[in-house]
Amino acid sequence: MTTAPLAFLKGHGTENDFVIVPDPDNAVALPASVVARICDRRAGIGGDGLLHVVRSAAHPEARGMAGEAEWFMDYRNADGSVAEMCGNGVRVFARYLERAGHATAGDVAVATRGGVKRVHLAKNGDVTVSMGRARLPEDGVTVGVGDRRWPARNVNMGNPHAVAFVEDLAHAGDLFTEPAYTPAGVYPDGVNIEFAADRGPRHLAMRVHERGAAETRSCGTGACAVAVAAARRDGADPTLTGAPVTYTVDVLGGTLVITEHPDGEIEMTGPAVVVAEGHLDPAWLTDIETTSV
């Protein structure tokens with residue numbers, strides 16, 4: 001690790017919170033043990049994940065996207081594991097780029113492991129992300145909590161989701177531990193599990209267990225997965241009807257608006273805020289590496 005203080009910021013999107021580590025040249029080593037300690041809510045800064053901000057040309061996983069997007073969101077889950085994509089994270093990432101002078105209000109492209117995402121920074125503070133198209137594998141999935149079981153829709157938003165519709169969100173339990181799901185082989189790298197309940201026409205509420213982070217206050221890709229699953233359930237698949245469909249999705253930390261277009265493209269709109277910045281003590285970081293060896 002660096003012997004100099006490590007700069008960081010803290011931000012959130014509908015209370016899905018992240019530690020932001022600016023590192024344009026990809027010079028900072030961030031092993032899983034360090035990320036997990038930084039994201040620890042008692043021993044570290046605390047966050048549902050970490051946004052490692054790197055120029056695409058400087059990162060081996062993103063160099064092929066450098067022509068489309070200058071910046072790469074090297075996203076890590078709170079346990080230090082690598083993830084493909086995070087919808088709330090992309091909004092916060094774009095807000096950081098604006099704050100740092102790397103982007104202005106309007107459109108910006110962000111490279112992720114789930115592909116290049118187009119982001120619009122509105123002057124009213126909202127951020128809209130073009131999330132790409134959902135993939136809907138036909139694998140039958142069941143999720144369970146306690147003695148309850150529900151059929152779930154397999155939705156891939158660049159990362160895997162299982163969406164179960166329930167009568168009462170309390171049926172999801174405490175979500176500190178991962179709900180059961182079968183067959184396990186459908187999700188070899190783990191899965192984000194959403195429980196969704198109707199609140200009105202084209203209006204849903206959800207709770208989510210995110211792989212590597214337990215229950216979070218919000219999940220952007222999860223909200224998109226819920227809206228896609230609801231559209232199919234409701235017979236409103238825009239790829240068949242030819243008309244866009246919009247769902248309002250309430251999460252524990254606020255509200256997201258999800259629109260799916262007839263070409264399959266999905267847009268997510270919601271807030272993104274940077275709340276603090278500072279420096280991590282290099283001695284503390286070195287101690288993490290030493291004790292984890």
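Author: A residue is called buried when its relative accessible area is under 20%, exposed when over 50%, and partly exposed in between, using a 1.4 Å probe and protein chains only. In this predicted model, local features need pLDDT of at least 70, side-chain atom pairs count only at pLDDT 80 or more, and totals for chains, interfaces and linings use all residues. Residues are numbered from 1 along each chain as its sequence is written, and side-chain values use heavy atoms, with hydrogens and water left out.

Reader: What percentage of the 293 residues of the protein count as buried?

Author: The share is 52%.

Reader: How many helices and strands make up the secondary structure of the protein?

Author: Helices (H or I, at least four residues) and strands (E, at least two) are DSSP runs, numbered from the N terminus. The protein has five helices and 18 strands. Its radius of gyration is 19 Å, close to the 19 Å that the globule rule gives for 293 residues, so the protein is as compact as a globular protein of that length. That radius is taken over C-alpha atoms, and the rule is 2.2 Å times the number of residues to the power 0.38.

Reader: How should the span of helix H2 be read?

Author: The expected span of a helix is 1.5 Å times one less than its number of residues. Helix H2, residues 87-99, has 13 residues and should span 18 Å; the end C-alpha atoms are 19 Å apart, which agrees. Of these 13 residues, 11 are buried, so H2 is largely enclosed by the rest of the structure. Among them are Val90, Phe93 and Leu97. After H2 comes Gly101, with a positive phi near 85°.

Reader: What does the corresponding reading give for helix H3?

Author: Helix H3, residues 220-233, reaches 20 Å from its first C-alpha to its last, close to the 20 Å expected for 14 residues. Here 13 of the 14 residues are buried, so H3 is largely enclosed by the rest of the structure.

Reader: Which residues is Asp139 in contact with, leaving aside neighbours within four places in sequence?

Author: Contact means heavy atoms within 4.5 Å. With those neighbours set aside, Asp139 is in contact with Asn154 and Val186. Asp139 and Val186 are 47 residues apart in sequence, yet their C-alpha atoms are 7.0 Å apart in space.
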